[in-house]
Amino acid sequence: MSTTKTIAVISDTHMNQPPGWFLRVYEQYLQPADAVLHCGDITGPATYHELLQHPCFHAVLGNCDWDPNLGTELIPMLRLELFGLRIGMAHGWGSRPGVPARVAEAFGTEVDLVCFGHTHNRFWSDEFGPMLCNPGSVAEGSMALVTIDADRELACTFVDLDMKS
């Protein structure tokens, strides 16, 4: 990998139809990213299909993804390799305080980065083994940009989203 790569990490959009502000977020942060990862609770197929425009989009099923179209296309946990990085994705489950430890344990040492949602709280830490990223909730105005440099060093910037229509 010769240059820095950017992964836009989002979760908990909770949108049936993407509002105007989300389309601006897509243009400003998601479209220019090298990859977009959604950690569940997309909620509506219209939002899912908007995100599918990105050439490197991956998503997992969340506990609020009840629409039958999402339930047949998404799985609860996903392992993938992007830019030389082994990544695990899950929405998360159970009581919110224990989610980081549970998702880290579910993927073990087989991954470099685990992206998850469910808690709606930003989280960036390696205290449970692999680096863990929870971008917070898009519905509450939060996302994350994870960068990977040429030495495979990871960094995370949390973004406060402008949710004005």
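Biologist: Which residue in E10 does Val146 stand opposite?

Modeller: This is a predicted model, so read every pairing as a prediction. E9 and E10, the latter spanning residues 154-160, pair in the antiparallel sense. In E10, the residue opposite Val146 is Cys156.

Biologist: How many bridges join E9 and E10?

Modeller: The two strands form a hairpin, with five residues between them. In that hairpin Arg152 takes a positive phi near 65°. The strands run antiparallel, and the number of bridges is seven.

Biologist: Which element gives the largest share of the largest nonpolar core?

Modeller: That core has 22 residues, and Leu30 and Met143 touch the most other members. Strand E1, helices H1 and H2, and strands E3 and E9 each supply at least two residues. The largest share is five residues, and it comes from H1.

Biologist: How many residues are in the second, separate core?

Modeller: Its members include Ile7, Leu85, Val146 and Ile148.

Biologist: Which histidine is in contact with Leu30?

Modeller: Leave aside neighbours within four places in sequence. The contacts of Leu30 then include Ala8, Ile10, Phe22, Val25, Val36, Leu51 and Met143. The histidine among the contacts is His54.

Biologist: Is His54 buried or exposed?

Modeller: His54 lies in the loop between H2 and E3. Its contacts beyond four places in sequence include Tyr26, Gln31, Asp34 and Val36. Relative accessibility is 5%, so His54 counts as buried.

Biologist: How far apart in space are His54 and Pro97, C-alpha to C-alpha?

Modeller: In sequence the two are 43 residues apart. In space, the C-alpha to C-alpha separation is 32 Å.

Biologist: Why do the buried residues of H4 line one face of the helix?

Modeller: The buried residues of H4 are Val99, Pro100, Val103, Ala104 and Phe107. Seen down the helix axis, they line one face because they fall within an arc of 130°.

Biologist: What angle does the direction of H4 make with that of E4?

Modeller: Five strands form an open sheet in the order E4-E5-E6-E8-E7, with mixed pairing. The edge strands are E4 and E7. H4 packs on this sheet, touching E4, E5, E6, E7 and E8. With the direction of E4, that of H4 makes about 65°.

Biologist: Which residue in E6 is the bridge partner of Ile87?

Modeller: E5 and E6 pair in the parallel sense, over three bridges. The partner of Ile87 is Leu113.

Biologist: Which residue follows H4, and where is its phi?

Modeller: The residue is Gly108. Its phi is positive, near 60°.

Biologist: How many disulfides does the structure hold?

Modeller: Take Cys56, buried at 17% relative accessibility. The closest cysteine sulfur, in Cys115, is 12 Å away, too far for a bond. Cys115 is buried at 0%, and its nearest cysteine sulfur, that of Cys133, is 5.0 Å away. The number of disulfides is zero.

Note on methods: Residues numbered from 1 in each chain as written. Predicted model: local features only at pLDDT ≥ 70, side-chain atom pairs only at ≥ 80, totals over all residues. Heavy atoms only, no water. Core = buried A, V, L, I, M, F, W, Y, C linked by side-chain atoms within 4.5 Å. Buried < 20%, exposed > 50% of the residue type's maximum accessible area, 1.4 Å probe, protein only. Helix = DSSP H or I, 4+ residues; strand = E, 2+ residues; numbered from the N terminus. Contact = heavy atoms within 4.5 Å. Arc of directions from axis to C-beta. Disulfide = S-S within 2.5 Å. Pairing = 2+ DSSP bridges. Axes fitted to C-alpha atoms, helices over the stretch in contact; angles between N-to-C directions.
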